[in-house]
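Please look over the sequence and the structure before reading on.

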There are 4 protein chains.
Amino acid sequence: MNIIRAARAVLHVTDLEKSKAFYEALGFVETYADDHAVYYRGLEEHVHHSLVLKKKRRPAVECISFKVMSEEDLDHLADLYERAGFSVIWIEKGKEMGMGRTLRVQDLSGLPIEFFAEMESKERLLQRYDLYKGAKVQRIDHFNCQVTDVKQVAHFFQETLGFKCSEYTVDDSENLWAIWLHRKPNVHDIAIMNGKGPRLHHIGFWVKDAMNIIDACDILAALGYGDQIERGPGRHGLSNAFFLYLRDPDGHRIELYNGDYLTSDPDFKPIRWHLNDSMRQTFWGHAAPDSWFEEASEVLDVKTGKKIPLQEPKLQQKKPEFMI
Amino acid sequence: MNIIRAARAVLHVTDLEKSKAFYEALGFVETYADDHAVYYRGLEEHVHHSLVLKKKRRPAVECISFKVMSEEDLDHLADLYERAGFSVIWIEKGKEMGMGRTLRVQDLSGLPIEFFAEMESKERLLQRYDLYKGAKVQRIDHFNCQVTDVKQVAHFFQETLGFKCSEYTVDDSENLWAIWLHRKPNVHDIAIMNGKGPRLHHIGFWVKDAMNIIDACDILAALGYGDQIERGPGRHGLSNAFFLYLRDPDGHRIELYNGDYLTSDPDFKPIRWHLNDSMRQTFWGHAAPDSWFEEASEVLDVKTGKKIPLQEPKLQQKKPEFMI
Amino acid sequence: MNIIRAARAVLHVTDLEKSKAFYEALGFVETYADDHAVYYRGLEEHVHHSLVLKKKRRPAVECISFKVMSEEDLDHLADLYERAGFSVIWIEKGKEMGMGRTLRVQDLSGLPIEFFAEMESKERLLQRYDLYKGAKVQRIDHFNCQVTDVKQVAHFFQETLGFKCSEYTVDDSENLWAIWLHRKPNVHDIAIMNGKGPRLHHIGFWVKDAMNIIDACDILAALGYGDQIERGPGRHGLSNAFFLYLRDPDGHRIELYNGDYLTSDPDFKPIRWHLNDSMRQTFWGHAAPDSWFEEASEVLDVKTGKKIPLQEPKLQQKKPEFMI
Amino acid sequence: MNIIRAARAVLHVTDLEKSKAFYEALGFVETYADDHAVYYRGLEEHVHHSLVLKKKRRPAVECISFKVMSEEDLDHLADLYERAGFSVIWIEKGKEMGMGRTLRVQDLSGLPIEFFAEMESKERLLQRYDLYKGAKVQRIDHFNCQVTDVKQVAHFFQETLGFKCSEYTVDDSENLWAIWLHRKPNVHDIAIMNGKGPRLHHIGFWVKDAMNIIDACDILAALGYGDQIERGPGRHGLSNAFFLYLRDPDGHRIELYNGDYLTSDPDFKPIRWHLNDSMRQTFWGHAAPDSWFEEASEVLDVKTGKKIPLQEPKLQQKKPEFMI
């Protein structure tokens with residue numbers, strides 16, 4: 001199972017024009033748009049898209065998606081999920097715009113996860129600096145999900161899917177409260193946090209440097225999006241990244257992210273944080289707002305397209321002590 | 001009365017070693033220190049100091065100080081204040097380290113204000129980049145004071161002392177709630193805000209750019225000063241400056257400040273803000289913490305050295321509506 | 001004579017469309033344009049323009065211009081120049097777009113210098129971050145001129161016009177080779193260098209920070225303007241500014257400039273550099289290209305509109321030794 | 001053969017004190033030093049070192065070194081090189097400070113290449129921002145080598161060692177002139193250029209952002225190292241990285257490097273540049289100095305420790321046309 005990296009997300013939004021205005025302000029490049037959907041890529045991306053917005057009646061997450069090395073990897077993944085008793089569907093090449101054959105599964109956490117090996121190529125605009133604007137989003141970096149049983153989900157991602165842990169968080173009783181897991185060698189392709197779930201907490205996009213995030217705040221505020229800056233800018237203790245959290249017009253959360261580190265060494269020792277360490281979330285000690293812990297995007301059933309019912313998390317502590 | 005600029009502050013601190021550790025972390029250059037006091041200058045400053053910390057039993061502000069063009073200006077200022085019925089004292093040259101003759105007055109607001117024309121020269125370290133550290137503080141920029149009658153104090157600074165207004169804030173009834181006044185042609189040498197007074201709200205120091213403020217947050221947090229970051233980093237709506245507010249070990253507030261604009265033109269029209277405009281304080285819409293409005297440094301009587309009693313402000317609204 | 005600051009330049013260009021493409025790439029804001037001329041201002045400027053390009057058959061400098069405090073200052077300046085035997089002309093209010101009454105003189109160096117007190121107001125776009133692009137030019141900062149007799153011209157600007165010296169350069173024989181003179185309290189409103197003259201060497205525009213200059217290089221290169229980057233980016237030893245020199249389509253030289261210092265103190269001691277000090281021009285030791293010393297824009301007679309003939313400079317050394 | 005990444009270099013230097021002053025100015029962290037050698041790591045590195053300087057009579061490169069996944073990978077590599085007829089030596093664990101068992105081979109190009117799986121752990125200082133100084137070097141990124149037959153060497157690295165190509169350069173006759181090869185998924189762990197060889201052209205170290213490189217120039221110049229800035233700062237066309245090239249006191253070349261891109265996708269198409277494209281080296285069009293093409297560090301025989309004789313390259317063109 002050679003999973004390469006977090007690769008795309010498909011979000012449902014209720015007002016495509018409003019959403020487009022927001023994501024264009026962030027500097028996403030539009031690959032294609034019609035009345036029903038829009039396909040975005042970052043300036044560095046050589047592929048058709050990393051973010052799809054589909055116009056629907058209710059906001060939701062259709063899937064989060066990982067790129068794998070080959071078509072054979074897809075077949076192996078399908079076998080593996082089916083043998084483990086999970087729902088699996090195939091979408092034939094071309095049915096989803098720009099996509100080869102894709103596999104979708106309902107994960108043991110209830111998250112709708114997609115895998116694919118092939119996506120159409122598009123012109124990479126990395127050196128078209130004249131087209132840079134907003135936050136100058138470079139590429140998708142990671143997903144962060146809230147699930148009810150972090151330990152169980154983390155075990156599956158590590159033991160079955162081959163993800164590696166870079167950092168993790170424990171509560172007072174040494175329970176695993178959150179974990180950062182990667183396939184590409186930076187801090188994460190997916191983070192899993194204890195919370196009402198299954199939900200997508202945010203999608204992280206890589207930006208060039210910290211100043212691009214400061215500039216993005218100024219530009220977003222000038223455009224009237226100040227209310228949609230939810231948290232930051234700041235430095236994460238966990239991951240060391242410089243960050244900004246935004247809420248799109250439907251409340252989907254986007255993180256602008258830069259400055260984590262290389263995790264390629266097999267002898268790199270995962271970094272342990274305590275949930276109540278005030279430098280864990282924001283290295284400078286700033287508390288996150290309640291909304292950051294409480295609100296997240298609901299996800300859909302890969303077969304029925306209906307919302308997956310939410311359940312309460314196994315671990316009782318829902319946010320750091322200094323915030324309660 | 002040719003007042004040039006905000007030039008120095010004299011603060012009383014209770015633990016000189018703790019204070020020194022903090023200000024050195026910010027990158028101030030020590031000109032002189034002994035067991036009773038320490039004298040700091042910024043990297044750009046060609047004079048003996050812009051900040052004095054004196055070890056005393058209680059934290060307080062001994063004076064805030066403006067540089068004037070000549071000794072004659074001092075005599076004129078003394079006349080003017082005396083004729084207007086204010087307390088005036090002279091300190092002979094050399095009695096205050098590095099200083100020529102200085103004049104101190106108790107302002108109509110009760111603030112202890114100092115004027116001087118002469119200060120000893122010191123090596124300017126602007127291009128000693130090898131000595132830059134912390135926030136790389138360049139120079140003193142301004143004072144911000146809380147007074148009980150903004151309109152009255154502003155009138156005196158403008159009409160009698162020749163300060164000019166760059167920006168101002170009004171409340172719902174169009175009362176002047178705060179005002180930014182300058183002699184050097186940037187946004188301010190002194191700001192005056194409605195509040196329990198007289199108090200010094202903060203001293204603003206100029207830094208090179210926004211990234212120096214981000215770097216300062218990382219460095220301060222690494223040194224264990226995270227709790228002393230009170231507000232920011234962020235962009236002010238009013239003044240357009242990028243800012244960070246810190247509290248020193250005695251609670252004195254320091255602002256790191258960069259990026260306002262040139263105000264030299266006589267036809268520049270002061271910019272009007274409404275107190276309840278959420279972009280006024282932080283252009284990105286972030287609210288300031290309550291402490292930022294409520295806490296400030298008490299000031300001393302220039303003659304007796306005793307604390308000036310605090311009085312309630314004339315205008316009832318003490319902070320923006322969205323914060324109440 | 002209360003001169004406030006360097007305020008505008010009027011350049012002749014041969015291909016208005018080509019010039020507009022270039023200056024718009026730099027982020028200038030167009031106040032007005034027609035087939036004959038275009039008027040630009042920086043994002044911080046509250047006035048009609050700071051740069052005028054007029055379409056003409058040959059590239060030249062029509063004038064460099066200083067803003068003064070009042071109409072009376074203009075009358076005093078006219079008297080002063082006429083008494084000293086210089087050519088003086090008046091242009092009535094409104095004849096030059098956006099301008100009040102203006103005075104033009106042919107300086108003792110032969111430079112066409114303009115003074116005015118009144119310019120039409122325009123919306124200041126400082127906080128319209130959504131409109132920032134290219135180098136995000138904020139405002140005009142200074143002129144740099146080549147003249148044949150630096151000592152004589154410097155004397156006139158200092159003694160008669162009230163400019164102050166911040167820094168200067170001497171050659172091996174202690175002759176004044178170049179001088180930086182200011183009215184607003186940063187390093188300069190005008191610099192005067194030894195060289196074939198009279199010529200305008202460059203116009204300096206203030207940008208927000210060093211990263212804006214790096215970004216400008218990337219953007220200009222992406223747009224095909226790489227050949228027009230003549231020198232830099234780098235740090236000046238003299239002035240301490242971070243800089244980039246560009247040549248516009250007619251060869252007029254523009255400097256992007258940030259990061260000098262406050263020069264308001266009357267006891268600030270001008271900084272002396274030796275011409276052959278390799279850190280003077282570029283603090284990092286990089287040599288300027290020959291073109292930077294040899295090429296500059298020719299200037300026009302304020303009365304006839306004809307080119308002022310060039311003369312050889314009094315001091316023989318035309319560039320630093322390490323470049324010869 | 002699971003090679004992970006470029007991991008360390010061992011350089012011979014003639015004056016350890018002079019070298020230490022230089023590398024400390026760059027912000028390297030000293031893990032260990034005595035009279036014979038010094039071991040440096042970057043702020044992000046969790047291992048003993050990435051750069052070793054050994055005091056010797058003549059400057060040279062003892063080896064460039066790659067980390068592999070396991071001890072078995074070392075055995076496979078030894079087999080492979082021996083079967084192909086190359087010199088191979090083993091160094092037992094602990095003989096080289098901080099190192100497990102290491103394998104050294106004389107490559108077909110003549111380069112002394114080392115492989116190892118184990119290195120002692122050391123405290124990672126990534127979040128000790130209070131210790132950041134100079135260029136704030138984060139970690140080793142890549143080697144760049146000059147060889148006489150690029151095509152042959154590139155073939156071996158790709159086909160036998162499993163490196164992948166991100167970008168490459170061809171001359172007028174479509175000969176492969178240079179190639180960028182990676183194991184970790186950014187632009188390169190090793191670049192191979194046509195030139196007199198075998199020589200190590202430079203070692204690239206990762207820094208946090210472009211501003212850190214600008215700051216490094218200021219700091220190095222303030223410390224008197226201006227002459228050792230050989231090229232840059234600038235933006236590479238090839239790789240898109242922001243760069244600075246420095247020469248250490250023995251002439252070994254160090255690159256500060258930031259801002260390339262993710263190359264993990266199997267369908268990423270290598271980017272082709274023509275040698276004479278003026279944007280290839282420096283996106284802004286600046287030419288590199290002759291020294292950059294002509295000078296490089298000589299390398300040693302892994303068995304005898306003697307210098308490997310230099311040979312002329314197969315391709316005649318030694319630098320881009322616009323530089324000749």
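In this predicted model, 69% of the contacts in chain A between residues at least 6 apart in sequence join residues that are at least 24 apart. The secondary structure of the chain comprises 6 helices and 18 strands. Chain A has a radius of gyration of 18 Å, which is close to the 20 Å that the globule rule gives for 324 residues, so the chain is as compact as a globular protein of that length. The C-alpha trace, followed along its principal axes, spans about 50 × 50 × 40 Å.

Turning to burial and surface, 68% of the 324 residues in chain A are buried, while the chain exposes about 11000 Å², of which carbon and sulfur atoms supply 46%. Chain A carries 42 positive and 50 negative side chains, and the centres of these two sets lie 2 Å apart.

An unreviewed UniProt entry places the feature "domain: VOC" at residues 5–118 and at residues 139–259 of chain A. The table sets out the secondary structure content of these segments, together with the distance between their end C-alpha atoms.

| Segment of chain A | Helix | Strand | Distance between end C-alpha atoms |
|---|---|---|---|
| Residues 5–118 | 20% helix | 41% strand | 13 Å |
| Residues 139–259 | 20% helix | 45% strand | 14 Å |

Read with the annotation, the table shows that residues 5–118 are 41% strand and 20% helix, and that residues 139–259 are 45% strand and 20% helix.

Definitions and conventions:
Residues are numbered from 1 along each chain as its sequence is written. Chains are lettered from A and ligands numbered from 1 in the order in which they are written. This is a predicted model: local features need pLDDT of at least 70, side-chain atom pairs count only at pLDDT 80 or more; totals for chains, interfaces and linings use all residues. Side-chain values use heavy atoms; hydrogens and water are left out. Helices (H or I, at least four residues) and strands (E, at least two) are DSSP runs, numbered from the N terminus. The radius of gyration is taken over C-alpha atoms; the globule rule is 2.2 Å times the number of residues to the power 0.38. Buried means under 20% relative accessible area, exposed over 50%, partly exposed in between (1.4 Å probe, protein chains only). Contact means heavy atoms within 4.5 Å. Accessible areas come from the Shrake-Rupley method with a 1.4 Å probe; for residues, only the protein chains shown count as cover. Lys and Arg count as positive and Asp and Glu as negative; His and the chain ends are not counted. The place of a charge is taken as NZ of Lys, CZ of Arg, CG of Asp or CD of Glu. UniProt positions are given in the numbering used here, feature names are shortened, and annotations may be inferred rather than shown by experiment.
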